[in-house]
Amino acid sequence: MGALPVFRWRLAPDGYATRRQLRARGLRPGGQQVAAQLERPRRRRPPLVAYLYRVDLAKPARPMTPARWAALAKANRARRICPQCRAEAGYVIPPSLGACVPCAFPDPSRAVRSA
């Protein structure tokens with residue numbers, strides 16, 4: 001396998017695109033190998049690298065089917081359910097907290113006192 005062609009940042013020839021650029025055109029790489037790469041030099045750090053794919057070999061993006069929409073909605077709903085109180089928080093639970101805000105930071109003044 002030969003080396004990939006390397007282009008400087010913003011100087012790639014026509015006919016190449018990144019994954020995001022392909023997606024904006026309604027395309028996907030479609031199993032093709034990386035055709036080239038862009039490098040953006042940085043001071044005292046390794047360069048930023050972006051991989052390029054050939055536009056002429058790209059395939060149309062697959063449409064979202066009703067089953068895929070349903071699976072995505074189910075996965076997003078699961079991210080909103082607190083694992084401690086099992087209530088839907090109304091927002092995506094941050095992984096850093098691991099629980100909804102009331103469970104992660106309980107308010108001692110709201111604690112039920114048994115007398």
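**Close-up views of a predicted model**

**View 1. Surroundings of Gln 37.** Setting aside residues up to four places away in sequence, Gln 37 touches Leu 4, Pro 5, Val 6, Phe 7, Val 49, Ala 50, Tyr 51 and Leu 52, where contact means heavy atoms within 4.5 Å. The model is predicted, so that local features need pLDDT of at least 70 and side-chain atom pairs count only at pLDDT 80 or more, whereas totals for chains, interfaces and linings use all residues. Residues are numbered from 1 along each chain as its sequence is written, and side-chain values use heavy atoms, with hydrogens and water left out. Gln 37 belongs to strand S4 (residues 36-42); helices (H or I, at least four residues) and strands (E, at least two) are DSSP runs, numbered from the N terminus. With a relative accessible area of 13%, Gln 37 is buried, a term that means under 20% relative accessible area, while exposed means over 50% and partly exposed lies in between (1.4 Å probe, protein chains only). Its side chain also makes a polar contact with the side chain of Glu 39 at 3.2 Å; a polar contact is a pair of N or O atoms within 3.5 Å, and within protein one must be able to donate a hydrogen and the other to accept it, residues adjacent in sequence counting only if both atoms are side-chain atoms.

**View 2. Strand S4 and its pairing partners.** Strand S1 (residues 6-8) pairs with S4 in the parallel sense over three bridges, where two strands pair if DSSP finds at least two bridges between them. Strand S5 (residues 45-54) runs antiparallel to S4, and six bridges join the two; here Ala 36 has Leu 52 in S5 as its bridge partner. The hairpin of S4 and S5 has two residues between the strands, and Arg 44 takes a positive phi near 55° in this hairpin.

**View 3. The largest nonpolar core.** Six residues, namely Ala 17, Leu 22, Leu 27, Tyr 53, Val 55 and Ala 58, make up the largest nonpolar core, which is a set of buried Ala, Val, Leu, Ile, Met, Phe, Trp, Tyr and Cys residues joined through side-chain atoms within 4.5 Å. Apart from neighbours within four places in sequence, Leu 27 is in contact with Leu 22, Val 55, Ala 58, Lys 59, Pro 60 and Ala 61.

View 4. Most residues other than glycine have a negative phi. Arg 10, in the loop between S1 and strand S2 (16-17), has a positive phi of about 70° although it is not a glycine, and Arg 10 is exposed at a relative accessible area of 75%. Arg 86, in the loop between helix H2 (66-79) and helix H3 (101-104), has a positive phi near 60° and is exposed, with a relative accessible area of 61%.

**View 5. Salt bridges.** The whole structure holds three salt bridges, each a side-chain nitrogen of Lys or Arg within 4 Å of a carboxyl oxygen of Asp or Glu. Arg 54 forms one with Asp 56, the closest N and O atoms being 2.7 Å apart; Arg 54 is partly exposed at 34%, and Asp 56 is exposed at 57%. Arg 77 forms a salt bridge with Glu 88, the closest N and O atoms being 3.5 Å apart. Because Arg 77 lies in helix H2 and Glu 88 in the loop between H2 and H3, this pair ties together parts that are 11 residues apart in sequence.
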